[in-house]
Protein chains: 2
Amino acid sequence: MALGTGYAQQNCSIARALEIVGERWTMLVLRDCFYGVRRFSDLLGHLDISRAVLTERLASLTDAGLLERRSAGGHPEYLLTAAGIAFWPTLYSLSRWGERYAGDGGRTRTFSHAGCGGEVDDLGQCPVCGTTPGPADLIVTLVEGSSGHRRSDPVSLALRRPHRLLQPVTPVAG
Amino acid sequence: MALGTGYAQQNCSIARALEIVGERWTMLVLRDCFYGVRRFSDLLGHLDISRAVLTERLASLTDAGLLERRSAGGHPEYLLTAAGIAFWPTLYSLSRWGERYAGDGGRTRTFSHAGCGGEVDDLGQCPVCGTTPGPADLIVTLVEGSSGHRRSDPVSLALRRPHRLLQPVTPVAG
């Protein structure tokens with residue numbers, strides 16, 4: 001293998017993880033799946049990527065066992081598997097780091113525990129009940145006035161409302 | 001901006017984070033910095049990437065404020081800044097996910113709390129004292145018989161011994 005083209009010689013779990021999730025757009029596809037975006041056309045409209053790139057990323061994630069492709073009412077849908085759902089802590093941690101160090105420092109979204117309403121901390125722990133809720137028990141809320149309000153595609157409009165992760169999102173006509 | 005070339009329209013802290021750390025090899029450069037690899041030649045030998053890619057990634061990380069370039073004994077060294085060190089939880093979480101879902105399921109490395117010896121859990125918390133040690137208080141130990149023993153470059157040989165994160169590593173002649 002030529003220098004710089006693969007991580008195979010790294011013998012490291014970070015390298016192996018990046019072989020699956022390290023391509024451009026892959027983590028944002030996963031993010032959308034956590035937000036409940038399941039259909040190809042909705043992912044396409046929300047991510048602003050080419051059909052070819054989205055097709056390739058969905059195929060890679062399905063092959064790697066992070067997504068499952070199902071047919072629902074004649075439309076294919078992509079759902080996170082257990083391996084995909086287990087990626088949540090990494091994605092959440094990346095999001096928190098990004099808010100602190102890659103933006104203006106302000107919160108864009110908050111995540112609260114559906115069970116008791118507590119806003120989870122940097123480790124994803126609920127300060128009210130002390131548990132670490134999985135994504136299915138988290139409600140994402142866009143912070144008022146944050147940059148997340150700039151987009152007006154149908155998925156972004158739907159995601160302006162507090163939304164439970166993993167629950168299918170219904171796009172809103174603009 | 002053309003479709004698929006940038007994340008600027010995503011208005012999302014994950015996208016902003018990936019603009020900084022999402023290029024191929026960037027997270028592995030950061031991993032090595034946590035392992036105490038500081039010199040260009042040591043990074044080059046341990047990562048198996050081209051000089052051009054490594055040069056570009058170090059410049060990007062320095063520009064973005066995650067690394068600081070210092071001169072030490074006539075050699076430039078790259079050290080993590082506070083923003084770089086704050087990336088540890090994300091990298092650790094990615095590593096744990098990779099061990100579970102991108103390899104054979106076995107541990108490659110363990111991380112223990114230098115203060116009390118507890119092996120930190122998936123959230124990075126020490127089960128002995130209940131704190132969440134920062135990387136400067138963690139000792140990384142390669143698991144016997146794991147794939148991490150396959151490499152024999154001078155940095156890999158040095159990292160076969162338990163090693164405190166962020167402390168400079170001294171490469172071992174093979």
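What you're looking at is a predicted model, in which local features need pLDDT of at least 70, side-chain atom pairs count only at pLDDT 80 or more, and totals for chains, interfaces and linings use all residues. Residues are numbered from 1 along each chain as its sequence is written, while chains are lettered from A and ligands numbered from 1 in the order in which they are written.

Let's start with chain A. It has seven helices and five strands, where helices (H or I, at least four residues) and strands (E, at least two) are DSSP runs numbered from the N terminus. Read along the sequence, they come in the order α-α-α-α-β-β-α-α-β-β-α-β. The radius of gyration of chain A is 17 Å, close to the 16 Å that the globule rule gives for 174 residues, so chain A is as compact as a globular protein of that length. (That radius is taken over C-alpha atoms, and the rule is 2.2 Å times the number of residues to the power 0.38.) Along its principal axes, the C-alpha trace of chain A spans about 50 × 40 × 30 Å.

How much of chain A is tucked away? Of its 174 residues, 41% count as buried. A residue is buried if 20 or more other C-beta atoms lie within 10 Å of its own, exposed if 12 or fewer, and partly exposed in between, with C-beta atoms placed from the backbone.

Now for where the chains meet. In all, 47 residues of chain A are in contact with 46 residues of chain B; two residues are in contact if their C-beta atoms, placed from the backbone, lie within 7 Å. On the chain A side, the elements giving two or more residues are α1 (13–21), α2 (26–34) and α6. The largest share, eleven residues, comes from α6(A).

That helix, residues 88–101 of chain A, has 14 residues and reaches 20 Å from its first C-alpha to its last, close to the 20 Å expected at 1.5 Å a residue. The expected span is 1.5 Å times one less than the number of residues. Helix α6(A) is mostly covered, with 13 of its 14 residues buried.

Helix α1(A) is mostly covered too: eight of its nine residues are buried, including A:I20 and A:V21. Its cover includes α2 of chain A together with α2 and α6 (88–101) of chain B.

On α2 of chain A you'll find A:L30, which counts as buried because it has 23 C-beta neighbours inside 10 Å. Leaving out residues up to four places away in sequence, A:L30 touches A:V21, A:G84, A:F87 and A:L91.

Over in chain B, helices α2 (residues 26–34) and α3 (residues 40–47) pack at an angle of about 120 degrees, with their axes 11 Å apart. Axes are lines fitted to C-alpha atoms, for helices over the stretch in contact, and angles run from 0 to 180 degrees between N-to-C directions. That makes α2(B) oblique to α3(B); angles under 35 degrees count as roughly parallel, over 145 as roughly antiparallel, 65 to 115 as roughly perpendicular and the rest as oblique. The contact is made by B:L28, B:V29 and B:D32 of α2(B) and B:L43, B:H46 and B:L47 of α3(B).

Finally, look at B:L123, in the loop between β3 (109–113) and β4 (138–142) of chain B. It is partly exposed, with 16 other C-beta atoms within 10 Å. Setting aside residues up to four places away in sequence, B:L123 touches A:L123 and A:T132.
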